[in-house]
Number of protein chains: 2
Amino acid sequence: MNSNNGINSSNNSFWQNLFAPNSVALIGASNTPGTWGFNIMWRLLASERRIYPVNPNVSEVMGKPAYRRLTDIPDSIDLAVIVVRASLVSAVLQECIQKGVNAAVVISSGFSETGEDGRKLEAEMMETARRGGIRIIGPNTMGHADTSSNVSTLAWTKEIPPGPVALIAQSGNLGNRIVLQGIDLGIGFSKFVCSGNEADLHFEDYLEYLGQDEDTRIITAYIEGLREGRRFFQLAREITVKKPIIAIKAGGTKEAARAARSHTGALSGSEAVYNAAFRQAGVIRVGGDDELNDVALALLHQPLPRGNRIGILAIGGGLGVVATEACEREGLVIAPLASVTIEKLNALLPPRWPHANPVDLVGIGPTVDNSIILSSLWALMEDENIDAVLLQAPVAIGTNYLSNTFHFNAEEIKVFDDGQKQNLDMLRKRAAEYGKPVLVVTPVNDPETNAYLLREKIPVFTSPHRAARVLHHLTWYRGYLDANQS
Amino acid sequence: MNSNNGINSSNNSFWQNLFAPNSVALIGASNTPGTWGFNIMWRLLASERRIYPVNPNVSEVMGKPAYRRLTDIPDSIDLAVIVVRASLVSAVLQECIQKGVNAAVVISSGFSETGEDGRKLEAEMMETARRGGIRIIGPNTMGHADTSSNVSTLAWTKEIPPGPVALIAQSGNLGNRIVLQGIDLGIGFSKFVCSGNEADLHFEDYLEYLGQDEDTRIITAYIEGLREGRRFFQLAREITVKKPIIAIKAGGTKEAARAARSHTGALSGSEAVYNAAFRQAGVIRVGGDDELNDVALALLHQPLPRGNRIGILAIGGGLGVVATEACEREGLVIAPLASVTIEKLNALLPPRWPHANPVDLVGIGPTVDNSIILSSLWALMEDENIDAVLLQAPVAIGTNYLSNTFHFNAEEIKVFDDGQKQNLDMLRKRAAEYGKPVLVVTPVNDPETNAYLLREKIPVFTSPHRAARVLHHLTWYRGYLDANQS
């Protein structure tokens, strides 16, 4: 390393510099709370790497000496994060060239999303970048993160837990909401990129990169418009046979398409074309962020069903009726029970059980005795007519609920809780063994019980409609794989 | 009161005895945790009234002396709650006749829902009840509650906060889940009835009663099948011009209809007939419990919109795109902005704002400066082209979020929080004044912020799809009222 001119001696690929930089300069770093330059500095300092604030107007930022210019930094820089105003960005990139920086995140907005003047600034910026071989996330991006290398330029997102789900978002706010919802469901993320205006790196570049990324097992996306439709299609076809892609495609209605054009300049394209392309490429298309996270949750923790024949187990007739309707509306089949299953359930349930699917655990009420529920569940999972189970019965109960509703004391709670942990282990084991997913819909709405199940890696949904929608997607994706995997 | 024979001297109507009894006997009360007789006893004892356990096998239940038979109780009894097994219920009703009891809740199951033998038991029970003039909730019910008189026979529901929403449920478990979800949204309930097999009192009886109930401002319902369709239609037409009815009608698909028959014996009837009847009677038909509570939440806290022209204000282009699409798919109109509104927004927002609806608060990012958001919101509310606003911007921020993401200290949080409370007061005031509802969709998914808004009586939704669905229902209902209110 040459500390005099600070020319970057690393031969890292720009991908590595974007997602695992050893040193980062923040151009526009600030001591003013509430600014991008403040929040991103604060975020960058949360990691162990070398961080250099650049700001000609202050002597230090958050205790780190500030440099007037990027080229003043006496160290090599892997990644430049730029938050200065749009008209200054090209000059900063010029310094990046002098400094040998090949990777930048341009947070600054005021480019092509704003009209003619902005388009000119963006073209000028890209000319500089191309000349210097600098690859860019953005401009007009809310940042990016990698939980493996612990880098984050996300000013407004809380700390993201690591995990196998990646997200590419053509809207920072939408991406942010998806990630925060996912965190609430116990979903961990590998990488998160807000692609911004995609002046340089396109959605398709990130998709290709994540397709090869070993930390990423599931790719999720928020899409307004694709710049390289054909390339997207080919990449998606290659990737989806190895890892699922779950995507929201927005801008499918008239005014929404107009709004998307003014947002990122993206042409959102014909609904029919997108639908056909996604279907043929094995992309799971979801309607919104809730649904995206629901599908990711199921894919993370449960196997794909072999078919669309659903067994429903419910602790009450009404729950069974509603779940049945939700499944039928999603094109799923309410499986007729095998006679051996009926015999098994005859031995478990009172004579008045309906002897058919949905299986109503008649009259046992919300109960602390899980054994009948579990034995009935195993009977359904063993039924060769059934590909997946939608379970609306308390396979686990949060400890406050046990105390408040069942009036258990601490010792009783301990014994019961040990038992239910074992039951959930067995549920996960059998689901994997039989290749039959079990999706839980909470019969009561107890947030503590839901959180408990999520901690134990059991997908849980607050309504049968959400679970049925997920089963629809899992079934469709399995059918795609069966037809397309070699 | 004659304490020798204990004949009931009260002339209370059976409705008053069901929902506001002075004295209750629990036949089948138990000291065994996890049983209905235990949980209901515990629930009944939470109120101040006179409670008498009946159980021939024990001397006391939860510290109260137990009676061998109902007729042994040396007090008048307004309400009999019966949890003994089905074959014993008629004999208990016989004692009710001797004792002059005219109101009973029959929790016991094993009646018509179980087949031929059960049907005979139910007929026998009803013969006794009719002979004695006893009116019955159930059998096969999970109970009922009135938060004004503080009576509850709900074994498995946590304490329900009082409020103006009533629920009639043809499934105890579904009703339970609806109430628990509602509680999480800050919704309070007046009355909750699980109607069970409706051997005596029908759904229509409860509907008529709640239509006249002064504690009830909104009626919600879970319906599998109506026994008196014509009466329902006439009642609903009369009620909905005064108070909204929000209903789930389940069993609309083939297998779900079959499951409903085996659940409560209800014929779920033709989808087309129900749809037409609901529409003509002004009943808001929702698809599930989430949607039911979403609509109730909006009706509780916001006025009805005069039309379907929506203004969208979003702190980011992507949020605006998705909200626009959600609204269009619900048949709502994305209102063109009046020129005066565009002028007002020109004075507030950077020049690059899109000058159209959806209004993107370009580039201000998640922010602590609410003033631009609020001024923009007032501009949209004042626009005569706009009937309702869907707001995806932080009008309020939870205090933990302020501390963790904005790095505020305690004093800063206090000042900020006082300000945002005033802003929310103004929002509610202006919504009422203009007659324009404002529905908030959280731009970030922060449960603390959502809870904060709900405490401040601002309807908040976790996705624009849910908010758009609610706006669809509000708009439709307002149109119904305009056409049908005299």
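Three cavities of 30 Å³ or more were counted in the predicted model, a cavity being a set of points on a 1 Å grid over the protein atoms alone where a 1.4 Å probe fits but cannot get out. Local features required pLDDT of at least 70 and side-chain atom pairs pLDDT 80 or more, whereas totals for chains, interfaces and linings use all residues of this predicted model. Residues are numbered from 1 along each chain as its sequence is written, chains are lettered from A in the order in which they are written, and side-chain values use heavy atoms, with hydrogens and water left out.

The largest cavity holds about 140 Å³ of space, a volume being the space filled by probe spheres set on grid points that are joined across faces, edges and corners. It is lined by 17 residues, with A:P394, A:A396, A:I397, A:P443 and A:V444 closest to its centre; lining residues have an atom within 4 Å of a point. This lining comprises 13 nonpolar, three polar and one charged residues, where Ala, Val, Leu, Ile, Met, Phe, Trp, Tyr, Cys and Pro count as nonpolar, Asp, Glu, Lys and Arg as charged, and the others, Gly among them, as polar.

The second largest pocket (an open set of points with protein on both sides within 12 Å along at least five of seven lines) has a volume of about 1,000 Å³. Of its 32 lining residues, A:T462, A:R466, B:D184, B:T462 and B:R466 lie nearest the centre. By class, the lining of this pocket has 13 nonpolar, 10 polar and nine charged residues.

Between the chains, 75 residues of chain B are in contact (heavy atoms within 4.5 Å) with 75 residues of chain A. The two chains bury about 5,600 Å² between them, 57% of it on carbon and sulfur atoms; buried area is the accessible area (1.4 Å probe) lost on putting two parts together, summed over both. B:W156, B:R177 and B:N445 supply 12% of the area that chain B buries against chain A, more than any other three residues.

Two salt bridges were counted between chain B and chain A, each defined by a side-chain nitrogen of Lys or Arg within 4 Å of a carboxyl oxygen of Asp or Glu. A salt bridge joins the side chains of B:R329 and A:E271 (3.4 Å, N to O).
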